[in-house]
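Please open the model in your viewer, with the sequence panel beside it, and follow the stops below in order.

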Amino acid sequence: MSRLQGKTAIVTGGGRGIGAAIALRFAQEGASVMIADINEDQARATAVEISQQTGMRVAAHRCDVADPESVITMVEATRHHLGPANVLVNNAGIAVFREPLEMTPADWTRCISVDLEGAWHCARAVLTDMLSKRDGAIINIISNHAFTVIKDTFPYPVAKHALLGLTRSLGLQYADKGISVNAISPGYTDTQIAQDDFNRHPDPARARAETEAKQPPGRLCQPEEVAAVAVLLASNEARFMIGENIVIDGGVSIRMYE
Ligand SMILES: NC(=O)c1ccc[n+]([C@@H]2O[C@H](COP(=O)([O-])OP(=O)(O)OC[C@H]3O[C@@H](n4cnc5c(N)ncnc54)[C@H](O)[C@@H]3O)[C@@H](O)[C@H]2O)c1
């Protein structure tokens with residue numbers, strides 16, 4: 001299949017997890033891909049693996065999305081090696097889960113600067129090229145924490161709620177300029193970030209089983225299920241979707257209490 005033939009995509013946090021699954025699917029669909037990740041070794045290893053698997057051009061660049069200079073350097077490297085980006089996936093994110101008054105100022109800054117400001121830094125850095133060609137898709141990977149809340153997960157939902165606001169603001173702003181900005185909100189997804197969460201419990205296997213049981217389908221979301229929707233949003237088939245947020249959470253957020 002080649003739904004993304006001729007496209008150049010940047011996937012932040014693409015070294016592992018959901019981002020790596022998106023990078024792989026994009027390459028399988030014919031896109032050239034830049035994996036932009038703060039973990040350079042991991043990004044390079046993933047890029048090599050995907051490139052060997054798909055035969056596509058897949059590059060890697062160290063990038064801290066919280067640092068605007070680092071983002072600009074990464075976007076320039078993308079332009080140089082793969083051409084100007086016409087797809088951006090803002091996937092890099094961290095989970096900072098605290099009781100609000102126990103949270104330190106550094107926790108707040110780290111979460112907001114990566115999960116929210118990072119997406120804006122990246123969008124800002126690619127928008128000039130996208131606007132000049134009237135061709136761009138920006139996809140923000142949010143969470144069902146964008147519209148529902150769990151106690152003691154502060155300030156992650158604050159950042160993710162705001163990222164939905166960013167999606168809608170930019171979506172409407174550039175709807176008449178050939179740019180679509182949309183979001184995907186996964187529920188509990190089977191990646192390292194989720195495993196780290198389970199590992200904080202005394203019995204990680206039991207914590208996982210209990211979480212799986214709480215999902216209406218009885219299992220966690222798989223990264224490939226998020227990647228499948230990202231392909232649609234990156235493709236030209238979804239250009240009338242503006243400021244949308246596609247929820248992939250197994251029905252958790254539509255369920256009333258049991
Ligand atoms: N796993 C879940 O249950 C879940 C659910 C909903 C939403 N999400 C969101 O999906 C996204 C990806 O999550 P994941 O589970 O794949 O996480 P992950 O921890 O497995 O991968 C995140 C990747 O982002 C990179 N990264 C972290 N900080 C960065 C920074 N400052 N700059 C650049 N790269 C950085 C990491 O090195 C890593 O490769 C995140 O935004 C997360 O909030 C995850």
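Select β1 (residues 8-12) and β2 (residues 32-37), which pair in the parallel sense over 5 bridges; strands here are DSSP runs of E of at least two residues, helices are runs of H or I of at least four residues, and both are numbered from the N terminus. Two strands are said to pair if DSSP finds at least two bridges between them. In this pair, valine 11 stands opposite isoleucine 35 in β2. Before going further, please note that this is a predicted model, in which local features need pLDDT of at least 70 and side-chain atom pairs count only at pLDDT 80 or more, while totals for chains, interfaces and linings use all residues. Residues are numbered from 1 along each chain as its sequence is written.

Stay with β2 and colour its residues by burial, where a residue is buried if 20 or more other C-beta atoms lie within 10 Å of its own, exposed if 12 or fewer, and partly exposed in between, with C-beta atoms placed from the backbone. Of the 6 residues of β2, 6 are buried: Ser32, Met34 and Ala36 lie on one side, and Val33, Ile35 and Asp37 on the other, so that both faces are covered.

In what order do its 7 strands stand? The sheet is open, with parallel pairing, and its order is β3-β2-β1-β4-β6-β8-β9. The edges are formed by β3 (58-62) and β9 (245-248), each of which has a single partner strand, so one side of each is left without a neighbour in the sheet. Neighbouring strands are turned by 15° against each other on average, direction ignored, with axes taken as lines fitted to C-alpha atoms, for helices over the stretch in contact, and angles running from 0 to 180 degrees between N-to-C directions.

Now select β4 (residues 87-90), which pairs with β1 in the parallel sense over 3 bridges. Alanine 9 stands opposite valine 87 in β4, and isoleucine 10 stands opposite leucine 88. To β6, which runs parallel to β4, there are 4 bridges, and here valine 87 stands opposite alanine 137. Val87 and Val89 point one way from β4, Leu88 and Asn90 point the other way, and all are buried.

Move to α1 (residues 17-28), which has 12 residues and reaches 17 Å from its first C-alpha to its last, close to the 16 Å expected, the expected span being 1.5 Å times one less than the number of residues. This helix is mostly covered, with 11 of its 12 residues buried, including Gly17, Ile18, Arg25 and Phe26. Glycine 30, which follows α1, has a positive phi near 100°.

Show the ligand next, together with the 30 residues that surround it, of which the closest are Gly13, Gly17, Ala92, Gly93 and Thr191; a residue is near a molecule if its C-beta atom, placed from the backbone, lies within 6 Å of it. The shell divides into 13 nonpolar, 14 polar and 3 charged residues, where Ala, Val, Leu, Ile, Met, Phe, Trp, Tyr, Cys and Pro count as nonpolar, Asp, Glu, Lys and Arg as charged, and the others, Gly among them, as polar.

For the last stop, select phenylalanine 147, in the loop between β6 and β7 (154-155). With 15 C-beta neighbours inside 10 Å, phenylalanine 147 counts as partly exposed. Leaving aside its neighbours within four places in sequence, phenylalanine 147 is in contact with Leu164 and Ser253, a contact meaning that the C-beta atoms, placed from the backbone, lie within 7 Å.

Key:
Contact = placed C-beta atoms within 7 Å.
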